[in-house]
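Q: Got this one loaded in the viewer. Can you walk me through it, pockets to packing?

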Amino acid sequence: MTSPESLRVQASTRRQPFWRAQTPVVAVVSLGGGLGAAARYGASLLWPTPPDGFPWWTLCVNIAGCAVIGVFMVVITEIRTAHPLVRPFFGTGVLGGFTTFSTYAVDIQKLIDGGRVGTGLAYLVATPLAALTAVWLAAGTTRRVLKGRQR
């Protein structure tokens with residue numbers, strides 16, 4: 001026979017509603033995204049692309065942002081534990097706002113519409129390859145530098 005004690009429902013710990021738990025994350029991503037986008041806009045003012053020119057600033061900003069994400073991810077995942085909001089603020093927000101793959105897509109369209117199909121297609125392939133290479137090289141270099149310092 002079952003005892004009355006075994007029939008009791010255990011009190012569960014109450015969890016925060018999903019929206020309440022995500023509010024700080026959304027806030028820091030928004031703040032970081034605004035800062036990153038402002039930095040990208042500043043870069044475009046310092047290094048504007050001529051109407052018929054190659055979008056060098058977009059390419060360089062994307063490569064630089066990807067290199068920084070490589071360094072950042074090694075530091076916060078392998079070297080030092082960071083506050084839970086650092087990654088969404090800096091990785092998703094700042095660097096997501098700074099890198100500009102939407103402008104990259106518009107630049108490709110402008111190159112192709114301007115009759116520079118070969119350049120547009122080369123840019124289409126070169127940018128993601130360069131960005132991924134930047135992440136890989138930056139992460140690897142960061143690991144080697146930090147291991148050398150630990151010795």
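Q: What do the residues lining the largest pocket divide into: nonpolar, polar, charged?
A: In this predicted model, the lining splits into 6 nonpolar, 5 polar and 4 charged residues. Nonpolar here covers Ala, Val, Leu, Ile, Met, Phe, Trp, Tyr, Cys and Pro, charged covers Asp, Glu, Lys and Arg, and the others, Gly among them, are polar. A pocket is an open set of points on a 1 Å grid over the protein atoms alone where a 1.4 Å probe fits, with protein on both sides within 12 Å along at least five of seven lines, and lining residues have an atom within 4 Å of a point.

Q: How much space is in there?
A: About 270 Å³, taken as the space filled by probe spheres set on the grid points, which are joined across faces, edges and corners. Of the 15 lining residues, T49, P51, G53, D107 and K110 are the closest to the centre.

Q: Which element gives the most to that lining?
A: That's α4, with 5 residues. Helices are DSSP runs (H or I, at least four residues), strands are E runs of at least two, and both are numbered from the N terminus.

Q: How many helices and strands are there?
A: The chain has 5 helices and 0 strands.

Q: What does L59 touch, skipping neighbours within four places in sequence?
A: F54, Y123 and T127, where contact means heavy atoms within 4.5 Å.

Q: And G36, buried or exposed?
A: Buried, because its relative accessibility is 1%; the cut-offs are under 20% for buried, over 50% for exposed and partly exposed in between, with a 1.4 Å probe and protein chains only. G36 is in helix α1 (residues 18–46), and beyond four places in sequence G36 is in contact with V94, G97 and F98.

Q: How far is G36 from T99?
A: They're 63 residues apart in sequence and 7.8 Å apart in space, C-alpha to C-alpha.

Methods:
Residues are numbered from 1 along each chain as its sequence is written. This is a predicted model: local features need pLDDT of at least 70, side-chain atom pairs count only at pLDDT 80 or more; totals for chains, interfaces and linings use all residues. Side-chain values use heavy atoms; hydrogens and water are left out.
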